[in-house]
Amino acid sequence: MEAQKENVPRRDHSGEEKAEAREASTFCQTKQCCKFDFQEENKKTNSSDFSDPIYKEISLTNGYINRMSREELRAKLAEFRLDTRGVKDVLKKRLKNYYKKEKLMHKQPPNAEDYYNYICVIDFEATCEEKNQPEFTHEIIEFPIVLLNTQTLQIEDTFQQYVKPEINPQLSDFCINLTGISQELVEKADEFPKVLQRVVDWMKQKELGSKYSYCLLTDGYVLGTDIH
């Protein structure tokens, strides 16, 4: 038996151990590399988010506000026609939020050409029935536009005209109650092609599409409805 044991070839573990060691080393290096890459990515993200000088201005302003007395805070809030009620911490937070909003709103975007100068907000009103059948054709009976300046967030102008429907010229009682548009208003209005031309002329007058970039904004119902 002893002789047989001696004749059994011994298994060499050195090769397997070396291979396992190499795999473990590679795994650790990969894991460490991923860790460093993740840290570097975080550094890039954090620096890109708050490296803009505007955030330094906001930080300095917040420090100045923290040193203000309650009476100074109330006076400054009154100057901006903001609410002056509340304890000191509430007043500080209110004033900080105001300054932050103002500074960020007037901050020039890094790629200004990628932003629209104006947004044309459109909220059509159309003919409808209480139980709209699939074959019912919706027609625009009001064409309203609100022109919003994206830099100031202020409404600069509006356009509004009623439209005479042609396919279903008689408004249903449900439509009148829902939209607040009477039969008399649409009967006195022009057909859609004429109103649309006035919209185009109004946009040209505002230099939309030539001097200023713009986009159209409306709700999902309008986009998902077959409106003529």
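## About the model

Because this is a predicted model, local features need pLDDT of at least 70 and side-chain atom pairs count only at pLDDT 80 or more, while totals for chains, interfaces and linings use all residues. Residues are numbered from 1 along each chain as its sequence is written, and side-chain values use heavy atoms, leaving out hydrogens and water.

## Helix α3

Let's start with α3, residues 53-66 (helices are DSSP runs of H or I, at least four residues, and strands are runs of E, at least two, numbered from the N terminus).

Ile54, Ile58, Thr61, Gly63 and Ile65 of α3 are buried (under 20% relative accessible area; exposed is over 50%, partly exposed in between, with a 1.4 Å probe and protein chains only). Their cover includes α4 (70-79) and α5 (88-105), where contact means heavy atoms within 4.5 Å.

## Loop residues

His138 sits in the loop between β2 (125-126) and β3 (140-149). His138 is buried because its relative accessible area is 8%. A polar atom of the His138 side chain lies 2.8 Å from the backbone oxygen of Thr127.

Arg81, in the loop between α4 and α5, has a positive phi near 60° although it is a residue other than glycine. Arg81 counts as exposed because its relative accessibility is 80%. Glu207, in the loop between α8 (192-205) and β5 (214-217), also has a positive phi, of about 60°. Glu207 is partly exposed, at 34% relative accessible area.

Definitions and conventions
The expected span of a helix is 1.5 Å times one less than its number of residues. A polar contact is a pair of N or O atoms within 3.5 Å; within protein, one must be able to donate a hydrogen and the other to accept it, and residues adjacent in sequence count only if both atoms are side-chain atoms.
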